[in-house]
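This report looks at the charged side-chain pairs of one protein and at the parts of the chain that they link. Please keep the sequence and the model at hand while reading.

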Amino acid sequence: MTLPFENDTSRVIDKIVSAQLKHDKLKKGLTVVAIALAAFLMTAVLLLVSGIINVNQNGGNSITGSYHVLISGMTKEQYKKISTDSRMELPGLSAAIGSIKVGENRLNISYSNKDSLTLNGLSVSEGEMPEAENEIIIEEEYLLSQKIDAGIGDIISLPVSDGQKKVDFVISGYLETAASGTERTLYAAVVSEEYFVAINGWENFPPATMFRIKKDVLSNHGNIEDIAAQIAADAGIEQPPSVNEAFVKLSQPSALMIAAAVVSLAIIIMAGILVIYCIFYISIISSIKKYGQLRTIGMTAKQIKRLVFKEGSSLTLAAVPIGLITGTLLSYVLVPQGFRISNMVWVCPSVVVLVYITVHLSIRKPAKTASTISPIEASRYEADNNLHIYTKKNAGYPRIL
């Protein structure tokens, strides 16, 4: 800020900063690398932690499943009521129909809607969900293990259960699960809703429903068991709902994870302060004559400080985008399922603020040192240096004081 009675020297300071940065390329390069590295690490830490939390909260976990509540033995009428409840999302429906054992391998056949696949960490890797009565999705690895030469659109014959007559199905897609490897013995296949209805599945194989409770409902009420019990009661369901405790614990941000993120940020900030401080301090000590000359031509201590901080700000503007971009790319590569644009909205400004604070704290002491240099001190420092060089070159001769 320039007071009314002060001269506006901002343009002069900008020109001096530009000239210094062009002249001292080593300092510029080292500082940009240090600031960019700090921004990169901060961005990566914040996005990775938020990405892991998103994965746990929003699904994709094939071990625990990504549903809050499971209710078994549903009737068709109960499912119609509960699937329209505004307090829940992703009303998955699943029913085990049969199982086939061939040698050491077993194929479990079930009916599942698309939401059920999502909640169990399953997906269709290629093709489409089965819709017609004779369509099925199956793991491609099962076909390979049984040496069945069939692909999407081909017909395969499967007994729906051991000892039953085989049924012809058209492969509409491949089911993808988290399991893989040559040691597998358990596989899965999913039939269509049309087939489930055709075999009178609602009566013969009462399905289970699973769902997640919406975040706003959880934030307002908090107790999953009470909410699930109320949802079941409103749908006329007498059987008690089962809460997926493993997923509930996993979806809640871990205190250990948050503490690790805070400690990591603290270490990054302290390391950044130390490195940037050393770079600026060494640069200022090696440029004492220059700062003494600036004081000689009338630059005040306040303007010297502003000059040093302007250097830091210019280098920060150049380095922060590099750190943000590289940190974002790393977090996306490591946890692509948890990457959200919404996280960028708060992570990027947070990193900019943290980096600014880091740089400001780093150059505060060097700026103060530069501002206190007087022309006489600069001349004395230069004379001492010249005398030191003279005596080093003329070892053995008496030192002239």
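Predicted model: local features only at pLDDT ≥ 70, side-chain atom pairs only at ≥ 80, totals over all residues.

Of its 401 residues, 40% count as buried. The protein contains 15 helices and 10 strands, and when contacts between residues at least 6 apart in sequence are considered, 78% of them join residues at least 24 apart.

## Salt bridges

With a side-chain nitrogen of Lys or Arg required to lie within 4 Å of a carboxyl oxygen of Asp or Glu, the count comes to three salt bridges.

| Pair | N to O distance |
|---|---|
| D85 and R87 | 2.7 Å |
| R87 and D234 | 2.6 Å |
| E89 and R212 | 3.7 Å |

## The pairs around R87

R87 forms a salt bridge with D85, the closest N and O atoms being 2.7 Å apart. D85 is buried because its relative accessible area is 15%, under the cut-off of 20%, whereas R87, at 21% relative accessibility, counts as partly exposed.

The side chain of R87 also meets that of D234 in a salt bridge, at 2.6 Å from N to O. Because R87 lies in the loop between α3 (76-82) and β2 (88-102), while D234 belongs to helix α9 (residues 224-234), this pair ties together parts that are 147 residues apart in sequence. D234 is partly exposed, with a relative accessible area of 45%.

## The pair of E89 and R212

E89 and R212 form a salt bridge in which the closest N and O atoms are 3.7 Å apart. E89 lies in strand β2 and R212 in strand β9 (residues 208-213), so this pair ties together parts that are 123 residues apart in sequence. As for accessibility, E89 is partly exposed, with a relative accessible area of 31%, whereas R212 is buried, with a value of 6%.

## Shared partners

Note on methods: Residues numbered from 1 in each chain as written. Heavy atoms only, no water. Buried < 20%, exposed > 50% of the residue type's maximum accessible area, 1.4 Å probe, protein only. Helix = DSSP H or I, 4+ residues; strand = E, 2+ residues; numbered from the N terminus. Contact = heavy atoms within 4.5 Å.
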